[in-house]
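The following exercises concern a predicted model. Please consult the sequence and the structure while working through each solution.

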Amino acid sequence: MGVLRRYGAYLPITGKTPDVNLEEGSTPLVRLEKIGASLGVELFAKLEGCNPSGSFKDRGMVLAVAKALEDGAKAIVCASTGNTSASAAAYAAHVGIPCYVLLPSGKVALGKLAQALIYGAKVISIDGNFDEALDMARKAAADKGFAMVNSVNPYRLTAQKSGAWEICDTLGGAPDLHAIPVGNAGNISAYWHGYKDYKDFGKITALPRMLGFQAEGAAPLVTNQPCPHPETIATAIRIGNPVSAEFARAAVRESNGEFNSVTDEEILAAQRILAKDGGVFAEPASCAPLAGLIKLRKADKLPKGASVAMILTGNGLKDPDTAMSQVGRPINVASYAELIEAFS
Ligand code: AN7
């Protein structure tokens with residue numbers, strides 16, 4: 001029924017807030033038995049790639065765009081590693097306002113670029129990384145009086161809390177561990193606040209430990225210093241100076257959790273495991289948590305039998321190039337005999 005309708009009672013909605021709805025949220029929470037067994041935990045994957053634009057960004061974008069309309073904004077603006085731009089473009093198209101997106105040149109996965117363009121956003125390529133694009137987008141939005149829909153817009157994180165509420169509603173409580181990729185650090189912050197809300201409301205009794213995973217080449221929250229030249233195959237989280245760093249640090253500290261980093265090789269290995277042993281195709285950034293859980297398991301730091309919610313933030317189809325670079329090609333057959341041979 002869409003995030004605003006399902007969780008409107010917990011969101012800052014007024015009588016004047018337009019009822020924007022692309023049926024985002026209410027994503028599947030899938031139990032991954034085989035992978036969970038190999039890790040010695042009860043593993044649940046939240047398939048955020050099932051959202052209308054294929055990533056978790058839709059949860060917050062629906063409220064950001066509804067509020068932009070309520071406030072009379074003429075257009076929306078964002079910088080993005082890809083998914084925010086796809087989501088912003090989708091909702092702008094749906095409600096009929098212009099959308100401007102600033103992307104780091106050459107570093108956005110093909111599917112995301114195709115989305116922003118086909119939804120009709122004006123796509124502007126920046127010679128610089130995401131952090132630089134974000135600075136420019138903030139300034140331009142202020143100068144033009146357009147609504148800024150990056151997660152510096154508080155409505156984004158407020159509505160992204162719905163992911164935590166759904167997990168608790170489905171499991172009947174919070175998981176023991178919450179594993180999530182971290183880029184600009186908004187989502188881990190939103191989930192933590194969502195869990196805390198549910199505890200305050202008396203809907204759950206215990207909170208999860210928050211485990212945030214970054215790519216080794218873009219891991220400012222692990223090294224505890226900004227990373228001026230972030231680099232990773234997981235372009236969604238190629239971010240060196242996270243806007244929500246302080247919220248994220250608080251989430252990890254308060255929950256007795258941790259940040260950890262994983263290499264690109266570990267991310268790609270996790271992507272294959274998730275697909276082959278789980279039947280779930282997630283984009284590289286979304287596979288950082290599984291890579292991290294495998295790393296913790298190897299170090300004997302994963303509590304046996306724990307329930308783990310892993311957030312698969314974006315659909316694998318977003319980045320076909322990275323997937324194709326790791327797999328073989330289809331087998332060509334020229335005859336029925338060759339087909340039968342291929343079946344062996
Ligand atoms: C698939 O789209 O920052 O830590 O501009 O697309 O809340 O930033 C995307 C981030 C994880 C990290 N997984 O979340 C953008 C953008 C996927 C993502 C993240 C992103 P945050």
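**Exercise 1.** Is Gln 214 buried or exposed? Determine also where Gln 214 lies and what surrounds it.

*Solution.* Step 1: locate the residue; Gln 214 belongs to strand E8. Step 2: consider its relative accessible area, which is 0%. Buried means under 20%, so Gln 214 is buried. Step 3: examine the surroundings.

**Exercise 2.** Which residue of E9 is the bridge partner of Gln 214, and how do the residues of E9 point?

*Solution.* Step 1: strands E8 (residues 209–215) and E9 pair in the parallel sense, over five bridges. Step 2: within E9, Ser 261 is the bridge partner of Gln 214. Step 3: in a regular strand, side chains alternate between the two faces of the sheet. In E9, Glu 258, Asn 260 and Val 262 point one way, while Phe 259 and Ser 261 point the other way. Step 4: five of the five residues of E9 (residues 258–262) are buried.

**Exercise 3.** Describe the position of Leu 177 and its contacts.

*Solution.* Step 1: Leu 177 is found in strand E7 (residues 177–181). Step 2: its relative accessible area is 3%, so Leu 177 is buried. Step 3: leaving aside neighbours within four places in sequence, its contacts include Pro 208, Leu 211, Leu 302 and Ala 309. Step 4: Leu 177 and Ala 309 are 132 residues apart along the chain, yet their C-alpha atoms are separated by 6.3 Å.

Conventions:
Residues numbered from 1 in each chain as written. Predicted model: local features only at pLDDT ≥ 70, side-chain atom pairs only at ≥ 80, totals over all residues. Heavy atoms only, no water. Buried < 20%, exposed > 50% of the residue type's maximum accessible area, 1.4 Å probe, protein only. Helix = DSSP H or I, 4+ residues; strand = E, 2+ residues; numbered from the N terminus. Pairing = 2+ DSSP bridges. Contact = heavy atoms within 4.5 Å.
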